[in-house]
Every structure is written in C-alpha cells, then in structure tokens.
Amino acid sequence: MKEKVYKLIVKTSIELGLKTDGKTMASLAKILANDLQTEKRFKNLTFEQIETAFHLGVRFGDFEPFLNIRTFYRWIVEHKKKIDNAIYMTETLGQKNVEYYEPKTKLIQ
C-alpha cells in the first residue's frame, strides 16, 4: 500500500509542478497509507477511487493545492461525497448509468 501511495504522491507532485524531496514524499506516503487503512470514512473506497480523487483534485480543485495531508483529505472527502451520492441515486432511487457509481468491489486493505 505504501508503495502505491508513494507513486501517487510523486505523480501528484509532478502534476502540480512542485519540487518536493523524496524524504518528504515518503513521509507523506507513509502517513496517508496508514490513514487510508485506519480511517473509518475511507474503508469502502478502492485505491482506484483514491487515484481519481487526486486526479480530479489536481485538475479541478477550487483552491491552491499543497502537497500535504490536508489537501489529500480535501480531495478524497470531496470525491467520496460524489461516490456516496452516486450510490444513493443508483441503489435507493433506482437511476441507471450514474457517474461515479461502481458496484461493490474489493476494498483497500
């Protein structure tokens, strides 16, 4: 998990045009990987959904992003709201082809 998160943070740093040292990115990866595995609010997210949150956050975020845990949480929580809404629209309201809806899959572990 830490290696996947590290690669995601490196990619994000490049996309943001930041020059962050490897030690800092490794520390961020360790912290975020631990949070993703222990935070109850993230337990139903797949790693692909986390990657999507970062992708959308870098490109469409409404604030100046920094390479820190707070920024990562904002992106993930914002994307999770979209996913939760898609689940509600699909499973409760019976709508079809809702963006961000995915049937239950293997969770982050």
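Predicted model: local features only at pLDDT ≥ 70, side-chain atom pairs only at ≥ 80, totals over all residues.

Mentor: The protein carries 19 positive and 14 negative charges, and their mean positions lie 4 Å apart. Here Lys and Arg count as positive and Asp and Glu as negative, while His and the chain ends are not counted. The place of a charge is NZ of Lys, CZ of Arg, CG of Asp or CD of Glu.

Trainee: How many salt bridges does the structure hold?

Mentor: In general, side chains of opposite charge can pair when their charged atoms come close. The criterion for a salt bridge is a side-chain nitrogen of Lys or Arg within 4 Å of a carboxyl oxygen of Asp or Glu. The structure holds five of them.

Trainee: Where do Glu-15 and Lys-11 lie?

Mentor: Both belong to helix α1 (residues 2–16), four residues apart, about one turn of the helix. Helices are DSSP runs of H or I with at least four residues, strands are runs of E with at least two, and both are numbered from the N terminus. The side chains of Glu-15 and Lys-11 form a salt bridge at 4.0 Å, N to O. A network of salt bridges links Lys-11, Glu-15 and Arg-59.

Trainee: Which residue forms a salt bridge with Asp-84?

Mentor: The partner of Asp-84 is Lys-80, with the closest N and O atoms 2.8 Å apart. The two residues are four residues apart in helix α4 (residues 69–92), so about one helical turn separates them. Asp-84 is partly exposed, because its relative accessible area is 37%; Lys-80 has 19% and is therefore buried.

Trainee: What does Lys-80 contact beyond its neighbours within four places in sequence?

Mentor: A contact means heavy atoms within 4.5 Å. With those neighbours set aside, Lys-80 is in contact with Arg-41 and Leu-45. Arg-41 in turn forms a salt bridge with Glu-39 at 3.3 Å, N to O. Arg-41 has a relative accessibility of 43% and so counts as partly exposed, as does Glu-39 with 25%.

Trainee: How many helices and strands make up the secondary structure?

Mentor: There are four helices and zero strands, giving the pattern α-α-α-α along the sequence. Of the contacts with a separation of 6 or more, 64% join residues 24 or more positions apart.

Trainee: What is the radius of gyration, and what would a compact globule have?

Mentor: The radius is taken over C-alpha atoms, and the globule rule is 2.2 Å times the number of residues to the power 0.38. For 109 residues a compact globule would have a radius near 13 Å, and the protein has 15 Å, which agrees. The C-alpha trace spans about 50 × 30 × 15 Å along its principal axes.

Trainee: What percentage of the residues is buried?

Mentor: Buried residues make up 36% of the 109 residues.

Notes: Residues numbered from 1 in each chain as written. Heavy atoms only, no water. Buried < 20%, exposed > 50% of the residue type's maximum accessible area, 1.4 Å probe, protein only.
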